[in-house]
Every structure is written in C-alpha cells, then in structure tokens.
Amino acid sequence: MSGRVLVVGDVMTDVIVVPEGPLVKGSDRRATVRSRPGGSGANQAVWLGAAGADVWFAARVGEADRSMYENYFRGLDVVPVLAGDSALPSGVLVTIVDPDGERSFLTDRGANLNLCDADLPVSVLDGISLVMVSGYSFFAPGPRAAVRGLLASAKARGVATAIDPASTGFLAEVGVSQFLDWTAGADWIFANSEEAEMLTGATDHQEQVKALGAQFSQVVVKRGGRGAVLGDRDGVRVEQAAPVVTVVDSTGAGDAFAAGFLAAHLDGEGEAVAMAAGIAAGAKAVQSIGGQPG
C-alpha cells in the first residue's frame with residue numbers, strides 16, 4: 001500500500017482562453033473560452049488521486065464555495081482539508097493559450113492569499129508520508145509563514161517534504177536567494193527547466209541538478225517535451241525522454257508529472273519506474289484542455 005501524501009497549495013478556477021489567432025489590440029478575436037477547476041496544488045492533488053494515491057489536500061477557498069469544492073475533491077478521490085474565507089472569494093486564473101500550446105497567465109489568488117497557521121494544524125500531518133508544497137504558497141507573507149511552519153513540523157516528525165517552485169514570474173519578484181532560504185531543508189524539488197535555470201543560473205541540466213542538489217536531497221528537473229532528469233549534488237543519475245504527442249494545452253503538465261512520479265514513488269517503485277510514470281502523466285496532460293485529468 002502506498003504512503004499518504006499531503007498537498008498544500010492553491011485552489012483556482014481556470015478560465016482558459018484559446019484564441020483563433022494573435023490577439024488584436026483594441027479589437028476582437030474569436031476564441032474558445034472554458035472555465036475549469038485548477039490551481040497548481042489542486043491539480044497535483046487531483047492527478048495523485050487519479051493515479052490511485054492516498055492524497056489529502058489543504059488549501060483556502062471562498063466560504064461560499066467551500067462545500068462545493070469539498071464535494072468536488074471527494075469525488076476525485078482526494079480528501080479535502082479546506083478552510084473557508086469570508087473576506088475574499090476563491091482564486092481565479094485566466095490562461096491564454098498560444099497556437100503552439102504555450103501559456104500566459106493573469107492571476108487573482110483571492111482566498112489563497114489568506115492561508116494561515118490555523119489552516120495547517122500539526123495534526124494534518126498525522127499518517128502522512130510526504131508533504132508536497134506548491135511554490136505559490138511562498139509568494140505572500142501569510143501563506144509563506146504557514147507552510148514554513150508546516151514544513152518545520154514535518155521535518156521534526158521525519159516526514160519527507162517536496163517543493164514545486166511553480167512560477168518563474170513570482171520567483172523573480174521575491175528573489176532567488178530568498179526562495180532558497182525559505183525552502184531550505186526540503187527533501188525534494190520538482191522544477192521545470194526555466195525554474196531550474198533561474199534558481200541556479202545554469203542552462204545545462206547536469207549543472208542545474210548539481211547546484212540544486214547542494215540544498216535538496218533529490219532533484220527532479222522537468223524538461224517538457226525533452227523528458228526529465230533526476231539526481232542530486234553528484235549530478236544526474238536518471239534521464240528519460242518524453243514521447244512525441246500533440247500538444248493541445250500544457251496547463252498542469254508539470255503538476256501531472258509530479259503527481260505521477262510521487263504516486264509511483266510512494267507505492268515503492270524505483271526511480272526509473274517513477275520517472276516513467278511522471279512522464280506518462282505529463283504527456284497525457286498536454287493532450288487535453290485544462291490542468292486536471294478529464
């Protein structure tokens with residue numbers, strides 16, 4: 001039986017916009033517009049549930065949406081640990097998808113900005129084997145204090161911890177050295193190539209893994225269509241390619257990869273099998289619209 005994973009991160013409503021061509025400033029462009037559940041943490045939790053993992057998900061949503069979200073996550077084999085916010089609504093993310101599948105985001109994090117210590121009591125770690133924290137939780141003071149406290153408690157209990165940096169834009173705002181200080185001591189990092197480059201200043205994935213391995217015991221760099229690598233301070237020890245698929249929307253691909261990898265890892269599979277599971281989940285994710293399995 002697999003170990004239980006606790007995911008901490010954002011809940012968002014993703015408004016996905018796929019224009020038929022380049023945007024025309026000051027005028028119209030036909031587009032497909034769809035609204036779907038999203039948020040990096042929520043995506044990871046739902047993909048973990050789809051992979052058969054025992055997964056709990058802690059987050060903050062607008063009070064008016066709390067019951068709806070609880071039912072939604074339970075229906076997808078995720079145990080929700082949701083706090084309701086009476087002051088701010090649930091978060092919304094507008095994603096504009098280019099013809100090549102690349103995305104641009106407009107983010108209103110809403111209630112996610114008020115995640116606090118009371119939302120993450122130490123009791124939420126009971127029975128947990130690994131805590132996965134989305135980087136978005138580090139980019140505002142309140143949530144940052146809450147997740148840092150939870151990570152410290154996890155370390156004291158011997159619970160493994162993992163970080164997904166989540167956003168190069170927000171990393172640039174807060175500063176790389178600050179982010180690395182805040183995440184010091186975590187066991188795992190799941191970074192995409194752009195995040196790894198920003199965090200290390202290196203463009204070569206071998207050097208990225210070595211540099212990140214100075215702070216994190218295990219380093220995974222997600223390389224999109226080029227696959228992924230895994231290693232530590234000594235360098236890359238597992239490297240796998242990704243299958244060639246038609247990219248419809250890359251939203252949530254990194255979340256799907258992390259979930260697929262962790263579900264296999266917690267089920268006792270070796271590194272190569274876990275890597276293959278992560279790559280397969282990421283490849284599946286890019287072939288449909290939205291950040292969660294359809």
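Predicted model: local features only at pLDDT ≥ 70, side-chain atom pairs only at ≥ 80, totals over all residues.
In soluble globular proteins, nonpolar side chains tend to be buried together. The largest nonpolar core of the model comprises 43 residues, of which L48, F57, F73, F190 and F261 touch the most other members. Helix α8, spanning residues 253-266, supplies the largest share of this core, with 10 residues. When residues up to four places away in sequence are left out of account, L48 touches V5, V7, A53 and V55, together with A259, L262 and A263.

Helix α6 (residues 193-200) and helix α7 (residues 205-212) have axes that come within 10 Å and cross at roughly 60 degrees. The contact involves S193, A196, E197, L199 and T200 on the α6 side, and Q208, A211 and L212 on the α7 side. Classified by residue type, this contact between α6 and α7 consists of four nonpolar, three polar and one charged residues.

Positive phi values occur at two non-glycine positions, D77, at about 65 degrees, and A166, near 80 degrees. D77 is found in the loop between α2 (66-74) and β5 (78-85), and is exposed, with a relative accessible area of 57%. A166, in turn, lies in the loop between β9 (160-164) and α4 (168-174); with a relative accessible area of 18%, A166 is buried.

Key. Residues numbered from 1 in each chain as written. Heavy atoms only, no water. Core = buried A, V, L, I, M, F, W, Y, C linked by side-chain atoms within 4.5 Å. Buried < 20%, exposed > 50% of the residue type's maximum accessible area, 1.4 Å probe, protein only. Helix = DSSP H or I, 4+ residues; strand = E, 2+ residues; numbered from the N terminus. Contact = heavy atoms within 4.5 Å. Axes fitted to C-alpha atoms, helices over the stretch in contact; angles between N-to-C directions. Nonpolar A, V, L, I, M, F, W, Y, C, P; charged D, E, K, R; others polar.
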